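Trainee: I would like to learn how to read the features of a structure. Can we go through one together?

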Amino acid sequence: MTARFALVALPLPLATPYTYRIPEALGDRVAAGARVVVPVRRRELIGVVVRLDSEPPSQNLKEILAVPDPEPALSPALLATAEWMAGYYGAPLGLTLKSVLPAGMWGESQVIVSLRNGSHSFGGLAGEVVAWLEQRGGESPVQTAARAFHRPLWEVVERLSRVQAVTLRVQPPDTDAARLTERTLALAGERPTLIERNAWFKRRPRQRQLYEALESLGGRASMRHLSEQLGFTDAVVRGLIKSGLARAGEAELVRDPFAGSPTVSPPPTLTPDQETALTQVEALPGGAGALLFGVTGSGKTLVYLAAVRRVLERGQGAIVLVPEIGLTPQTVSRFRGAFGDNVAVLHSGLSDGERADAWRLLRRGDRRVAVGARSAVFAPVSNLGLIVIDEEHEASYKNGETPRYHTRDVAAVRARLEGARLLLGSATPSLETVARTESELGLLRLPERIGSRPMPPVEMVDLRAAPKVEGTGPVAWSVALDSAITSTLARGEQALLLLNRRGYAAFLQCPDCGEVWQCPRCSISLTVHQTPAALRCHYCGHEEPLPFTCRVCANPVQQMRGVGTQQLERMLVERYPDARIARMDLDTTSTKWSHQRILAAVEKGDIDLLIGTQMIAKGLDFPNVTLVGVVDADTGLYLPDFRSAERTFQLLAQVAGRAGRGAKGGRVLVQTRHPGHHALVRAAQHDAVGFLDEERALREVPPYPPAVHLVNLLYSGSDEREVGRKAAGLADWCNSLVARYQLPISVLGPAPCPLVRIKDRWRWHVLLKGPSTALGRVVRYAARRLKREGNVRLVIDRDPVSLL
Ligand code: ADP
Ligand code: ZN
């Protein structure tokens, strides 16, 4: 029985595959995974064949117009991975394929037809098309040609392609033309002392803000960022330039910061521990995985490099996943240093065209190593031998929209399908992964830092009792941290200061009546920002001016609570006027590659104090950083989420691991009001195993992962009552399903989510706990309810990383 029909997925919202008839002439080339041109509502779009069929679901089917690729774009293994995802996460296959295949590779993309060399003599329409192409320099989008001829040309083009007179290729729709340079503003001249600053800026508060913004951006910023993101006017910029404190310039606009970035050659020899780990990786059977559990600074990256090298020597390829490509320039440089042009770095700065090129090179095996964040797990590396996931515990490996996949689990499925090995690395592995080392995952240890360097001593500073420095305003600043910074600066060394709260202050409160400014659209308080001054919602972006009086009782004084990075920075600038300070958080890194700029300045020694949110905790290897200060360890400790202790431990252990990586050693100071909390105590002792044991016991009662699996079913909508009613109906439905099939699942809720409203949408959820297989059945049934009911939406979040 031959297939005469094909189910074709398209990158349209909630698209279920459409069925098309396969014309005789294309028959042999329409295969699962192939890209095809199909008519969709008077347009022609590029879709992907997901399945072949011999029975038509109905009469009157449209025909596939063309098959532009010589080989299917999606390998059978990638297609099977996508099908697994659709089933496991309860997501439509069309939507799932949207995360597998980059935009620009299908949908609106165009098919370009080019003449091949050689003489062509065709009669009729084919001859006319060839002549027309010759006039146009040999190539054209098929649709342009069709418009010129006032008729469809697919049949002719396919015929010409079959006799090798033309080639077809898929090209993303035009991306915007490259701008090559951008205007910048940089600090100039001597840095004014605090007294000079106060005198000069007294009547120029906006100039002071601009000056300080430049300081926090590492000394230089693009004019566009300053005006568009931070709201500085031309007049303020001109004023600062006239005063000689800043200077305008031009800089090359970075398109691919990895193309010209320095590459780092790896150390030539493995330590005995690294050697053992490598041997164990090599000994894994194909399709199996292992956790590389190594303390910070133990040289995990070199094990990844060596394992990838072995894979390449066998003629296979590898995928290396990092949490966020912008935050891990050092890891990327190490891979490029080791494998040069064999590496395709997949990052968000790529244009659609560049991404499509990278795909083609990987698919053809012209490049064998793909390095990238989450979505690089779908890189079409051919003959895949290894998938590495660095910092496997990071929350960014979970996709935030449908399909809500976890990269770790997708990678395991893909590795199994392709017989590749999976290597997960972390100093602070997730509880789930550690639990799996008792069954399917191998466990490899790197117990020591390179060169037997000691782990940095961590000192806890109990803010309730410790002596504090006067005159630091609302910033609780211990004498201990203050003198540690002073002496680090005096020795010409660098310090990192972690404060995981961006903005100026967490919220604004009236000291008289207690009113707290909340977002009108979300159930969360507004964050106070300076530069530019505003109250801002970190969930929906709502912004309003800072109020002068309380809106409830008209009290003229408003108090800011909860110090943020901006306020900390202002305090530090006054406290350590000679220090060169930079700040790294979402507000200073909203333009592309601003991370790299700041990190490069730290690496070059142009920055003495780097303040930042959790961004500065990840993967950095700066030997001159000898002090890490945690300004407030308690910011995430008591969030209403089962992972808050785990996240706090990981953050502290990771940031502590940034200290003392060089010969000069280092130390860590942690300011807290909860010095006895197990996450802090274990982080201070560098005792990941102890933390994991203790935390795992706490996850037994009430049960949370890894003791059980979770599915979070979340309804949202603009009418609170309706959402609540729907959620109640869902809980009833879950309960009856559980009773009918006697599933070992407990149904919790319905309950309002801890963040009960985001962006004007009310949120209620039903939480299911149980073994994975039983939950899978509920997910399958629930997926059928996914139809949007009015304005109420259901989200299925299997294995959620957070329950907020
Ligand atoms: P991790 O990722 O485990 O925190 P890294 O891979 O960043 O650790 O390694 C820490 C430091 O040790 C890096 O500067 C790296 O170049 C160095 N290093 C790693 N392996 C070796 C080795 N075999 N010999 C010498 N130096 C090494
Ligand atoms: Zn909001």
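Trainee: Which helix gives the most residues to the shell around ligand 1?

Mentor: Helix α11 (residues 300–313) gives the most, with three residues. Helices (H or I, at least four residues) and strands (E, at least two) are DSSP runs, numbered from the N terminus. This is a predicted model, where local features need pLDDT of at least 70 and side-chain atom pairs count only at pLDDT 80 or more, while totals for chains, interfaces and linings use all residues. Residues are numbered from 1 along each chain as its sequence is written, chains are lettered from A and ligands numbered from 1 in the order in which they are written, and side-chain values use heavy atoms, with hydrogens and water left out.

Trainee: Which residues come nearest to ligand 1?

Mentor: A residue is near a molecule if one of its heavy atoms lies within 4 Å of it. There are 17 residues around ligand 1, and Thr 269, Gln 274, Gly 297, Lys 300 and Asp 621 come nearest. By class, the shell has five nonpolar, eight polar and four charged residues. Here Ala, Val, Leu, Ile, Met, Phe, Trp, Tyr, Cys and Pro count as nonpolar, Asp, Glu, Lys and Arg as charged, and the others, Gly among them, as polar.

Trainee: How do I read a pair of packed helices?

Mentor: Two packed helices are described by the angle between their axes and the distance between the axes. Axes are lines fitted to C-alpha atoms, over the stretch in contact, and angles run from 0 to 180 degrees between N-to-C directions. The axes of α7 (residues 205–216) and α9 (residues 234–242) come within 9 Å and cross at roughly 75 degrees. That makes α7 roughly perpendicular to α9. Angles under 35 degrees count as roughly parallel, over 145 as roughly antiparallel, 65 to 115 as roughly perpendicular and the rest as oblique.

Trainee: Which residues of α7 and α9 make the contact?

Mentor: Contact means heavy atoms within 4.5 Å. From α7 come Arg 206, Gln 207, Leu 210, Tyr 211 and Leu 214, and from α9 Val 236, Val 237, Gly 239 and Leu 240.

Trainee: Where is Pro 702?

Mentor: Pro 702 is in the loop between α21 (688–698) and β29 (709–717). A cis peptide bond joins Val 701 to Pro 702, with omega about -15 degrees.
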